[in-house]
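Subject: Structure handover and notes

Hello,

Please find the structure below. My notes on it follow.

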Amino acid sequence: MSLLSKIWKDPVWSGVIGGGIVAVIGAVATTVQGGWTTLGWYLIRAWHWLGESSSSPNWLLLVLWLSLLVVVLALLAVGVAHLRQNQSGVSAWSYTHDTFLGVEWQWRFGKDSGKVYAIVALCPVCRCQLAPKYTHGADIQLHCEFCARSVASFNEDFDDVCKRVELLVHRKLRTGDWKAVESSVAGSAFR
């Protein structure tokens with residue numbers, strides 16, 4: 001029973017089974033109503049119509065209409081594939097981490113504005129948030145309190161470093177480079 005349930009949930013097989021059911025019902029209904037002779041007459045009439053001419057041969061019109069049908073179906077298939085790709089869950093909103101300036105960063109997006117906020121630097125070893133430690137004036141070191149290691153040094157204020165990271169995030173969003181980052185971590189525990 002589980003095999004039948006599995007096949008029925010598959011979109012291709014459910015379509016094949018549904019088409020078979022409709023074909024059987026149609027064949028039974030046609031037999032009961034004596035419609036096979038009528039159907040045969042229509043098929044013979046269609047065959048004769050192909051040989052007739054209007055301003056151009058009818059068979060040529062049929063080939064052109066069938067070609068148009070193939071093009072329309074191909075466009076529909078591309079549209080459906082595009083919609084399914086957009087619904088796959090990978091979007092610019094899922095791009096919430098990357099490595100910039102030699103440091104791994106994580107952030108969030110504003111729901112309505114798309115603004116990058118809550119930018120934090122992460123320790124490459126223990127994944128703890130790095131704390132900025134000011135050394136001389138505005139110079140900072142990004143330091144991990146958990147494993148006591150310095151990860152990076154900057155000659156500017158931490159807010160300025162975060163603004164640079166925000167600009168780099170927006171650049172990757174504009175160019176589409178964020179997709180390479182998301183595809184490289186698909187299935188990782190960091191997501």
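A polar contact here is a pair of N or O atoms within 3.5 Å; within protein, one atom must be able to donate a hydrogen and the other to accept it, and residues adjacent in sequence count only if both atoms are side-chain atoms. By that criterion, the side chains of His143 and Ser150 are joined by a polar contact of 3.4 Å.

Some ground rules before the rest. This is a predicted model, in which local features need pLDDT of at least 70 and side-chain atom pairs count only at pLDDT 80 or more, while totals for chains, interfaces and linings use all residues. Residues are numbered from 1 along each chain as its sequence is written, and side-chain values use heavy atoms, with hydrogens and water left out. Helices (H or I, at least four residues) and strands (E, at least two) are DSSP runs, numbered from the N terminus.

His143 sits in strand E5, which covers residues 140-144. With a relative accessibility of 16%, His143 is classed as buried (buried is under 20% relative accessible area, exposed over 50%, partly exposed in between, with a 1.4 Å probe and protein chains only). Besides the pairing with Ser150 at 3.4 Å, the His143 side chain reaches the backbone oxygen of Arg149 at 3.5 Å. Contact, meaning heavy atoms within 4.5 Å, links His143 to Leu130, Ala131, Lys133, Ala148, Arg149 and Ser150, if residues up to four places away in sequence are not counted.

Leu130 belongs to the loop between E3 and strand E4 (131-134). Its relative accessible area is 3%, so Leu130 is buried. Not counting residues up to four places away in sequence, Leu130 touches Val103, Ala121, Leu122, Cys123, Leu142, His143, Cys144 and Val151. The C-alpha atoms of Leu130 and Val103 are 9.8 Å apart in space, for a separation of 27 residues in sequence.

The largest nonpolar core

A nonpolar core is taken as a set of buried Ala, Val, Leu, Ile, Met, Phe, Trp, Tyr and Cys residues joined through side-chain atoms within 4.5 Å. The largest one has 23 residues, and the members that touch the most others are Val103, Trp105, Trp107, Leu142 and Val169. At least two residues each come from strand E2 (103-109), strand E3 (116-122), E5, strand E6 (149-154), helix H5 (158-175) and helix H6 (178-184). H5 contributes the most, with five residues.

Trp107 is in contact with Tyr95, Thr96, His97, Asp98, Phe100, Val116, Tyr117, Ala118, Ile119 and Val169, leaving aside its neighbours within four places in sequence.

Lys115

Lys115 is in the loop between E2 and E3. Its relative accessible area of 47% makes Lys115 partly exposed. The side chains of Lys115 and Glu166 form a polar contact of 3.4 Å. Setting aside neighbours within four places in sequence, the contacts of Lys115 are Arg108, Phe109, Gly110 and Glu166. Between Lys115 and Val151, 36 residues apart along the chain, the C-alpha separation is 27 Å.

Two backbone angles to check

Leu101 has a positive phi of about 55° although it is not a glycine. Leu101 lies in the loop between strand E1 (97-100) and E2, and is partly exposed at a relative accessible area of 31%. Ala118, also not a glycine, has a positive phi near 55°. Ala118 is located in strand E3 and counts as partly exposed, with 41% relative accessibility.

Helix H1 (residues 2-9) and helix H2 (residues 11-33) pack at an angle of about 95°, with axes 5 Å apart. Axes are lines fitted to C-alpha atoms, for helices over the stretch in contact, and angles run from 0 to 180 degrees between N-to-C directions. H1 is therefore roughly perpendicular to H2 (65 to 115 degrees; under 35 is roughly parallel, over 145 roughly antiparallel and the rest oblique). Ile7, Trp8 and Lys9 of H1 meet Pro11, Trp13, Ser14 and Ile17 of H2.

Trp8, in helix H1, is partly exposed at 47% relative accessibility. Not counting residues up to four places away in sequence, Trp8 touches Ser14 and Ile17. Trp8 and Lys163 are 53 Å apart, C-alpha to C-alpha, and 155 residues apart in sequence.

Regards
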